[in-house]
Amino acid sequence: MIQIAVLGYGTVGSGVVEVIAKNHDSIAKRAGKEISVKYVLDLREFPGDPVQDILVHDYDIILKDPEVKIVVEVMGGINPAYTFVKNALEEGKHVATSNKELVAAHGAELLAIAKEHNVNFLFEASVGGGIPIIRPLNQSLTADEVTEITGILNGTTNYILSKMTDEGSDFDSVLKQAQELGYAERNPEADVEGYDACRKIAILTSLAYGQQVDYQDIYTEGITKITETDIRYAKAMDGAIKLLGTSKSIGGKVYCMVAPFIIGRDHPLGSINGVFNGIFVNGNMVGDTMFYGRGAGKLPTASAVVADVVDAAKHEDTNIMTIWDPNKMILGDKDEFTCKFFVRVKDATSKEQIKTAFGDVQYITAEGVQGEYAFLTDKISEKEFEEKIQSLDMICRIRTAF
């Protein structure tokens with residue numbers, strides 16, 4: 001039997017306990033041994049919940065118990081999660097976590113500590129919730145050189161943009177609805193400003209290229225400025241606006257960005273709506289691959305955590321090699337990143353001025369929109385765009401993946 005401890009009895013923590021209880025027999029069959037939750041750590045009490053019988057408030061009880069072989073960290077945040085996880089690994093205990101903040105900030109360090117103590121630090125649920133993506137990058141695609149990872153990595157923003165597209169609603173009203181349904185937090189900043197997606201693309205890029213990518217170095221733009229008018233134009237282009245985290249290897253440099261993009265309906269990510277996530281990966285040998293599913297939620301995320309628990313149980317005395325060098329990767333300069341730009345300008349700007357600045361462009365019209373021009377540029381660099389747009393009275397610009 002393998003005894004585990006769960007740190008945190010919130011949404012995901014209670015889901016982990018539920019998954020292990022409901023699928024106990026099939027999990028034991030896959031792990032090759034029975035898995036049992038010995039402790040749950042939380043500051044709160046849960047009267048009437050069976051978990052009360054195994055609830056502890058002192059982490060040292062878990063840390064010093066030799067029977068606990070695997071620690072599940074689902075507390076979230078950096079502290080005290082980092083200290084708890086580091087101590088567990090140093091004590092020779094495997095760790096499975098869903099904590100993207102922790103993994104993005106300390107993933108390389110914690111993997112090194114795990115290797116030193118011949119245990120495993122596993123984090124499948126930190127990106128994409130229930131979508132398997134970490135393990136494929138770490139194991140299934142190892143024969144390939146990854147050239148691109150682009151994903152809809154946040155279900156909240158995808159839900160909001162999908163609703164704005166389908167119902168013609170404005171951002172604020174859809175955000176309120178998302179909060180009422182539990183898809184968005186009371187403070188939605190991490191989601192709508194792109195910070196959540198930024199940490200996730202940092203983790204995926206670090207794994208794909210084997211070096212530390214600091215999320216603070218990734219240009220990040222959220223969806224708060226996307227309007228109903230922007231949505232109309234996207235529809236007129238037979239496209240949709242999606243918040244994408246993207247990482248591309250071009251000419252020996254890796255470029256990372258999180259921003260809204262207009263993508264065509266025929267794009268692999270173009271039809272992914274609602275709270276679903278999708279991750280597109282291109283390898284130089286395998287070509288295009290897609291990973292799709294629920295990117296968040298109690299049971300999908302808990303399922304991914306328990307899959308890591310099973311993996312740890314199967315490799316109880318073996319460190320699973322993960323290449324993630326702590327040496328920092330220097331990302332390509334954002335100014336060099338190239339794409340086409342969708343641009344809206346006030347009608348005080350003439351078409352002659354637009355041609356002088358950008359040359360021949362493709363003009364876009366949308367039903368019910370007046371008093372402005374909208375156009376699509378050729379593929380140019382970020383720096384070129386910023387220089388050329390200075391002469392025009394711009395309303396907004398959105399990058400495109402056409």
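Analyst: Let us begin with a definition: the rings of Phe, Tyr and Trp (its six-membered ring) pair if their centres lie within 6.5 Å, and planes under 30 degrees apart count as stacked, over 60 as edge-to-face and the rest as tilted. Phe341, Phe358, Tyr363, Tyr373, Phe375 and Phe385 form one aromatic cluster, and a search of the whole structure finds twelve aromatic pairs. This is a predicted model, in which local features need pLDDT of at least 70 and side-chain atom pairs count only at pLDDT 80 or more, while totals for chains, interfaces and linings use all residues. Residues are numbered from 1 along each chain as its sequence is written, and side-chain values use heavy atoms, with hydrogens and water left out.

User: What makes phenylalanine 358 and phenylalanine 385 a tilted pair?

Analyst: Their ring centres are 5.8 Å apart and their planes stand at 40 degrees, so the pair is tilted. Phenylalanine 358 lies in helix H13 and phenylalanine 385 in helix H14 (residues 382–389), so the pair ties together parts that are 27 residues apart in sequence; helices here are DSSP runs (H or I, at least four residues), numbered from the N terminus.

User: Why is phenylalanine 385 called buried?

Analyst: Buried means under 20% relative accessible area, exposed over 50%, and partly exposed in between, with a 1.4 Å probe and protein chains only. Phenylalanine 385 has 0% relative accessibility and therefore counts as buried, and phenylalanine 358, with a relative accessible area of 11%, is buried too.

User: What makes the charged end of lysine 334 sit over the ring of tyrosine 219?

Analyst: A charge sits over a ring if NZ of Lys or CZ of Arg is within 6 Å of the ring centre and within 35 degrees of the ring normal. The charged end of lysine 334 is 4.6 Å from the ring centre of tyrosine 219 and is counted as sitting over that ring. Lysine 351 lies over the face of tyrosine 363, at 4.5 Å from the ring centre.

Definitions and conventions
Helix = DSSP H or I, 4+ residues; strand = E, 2+ residues; numbered from the N terminus.
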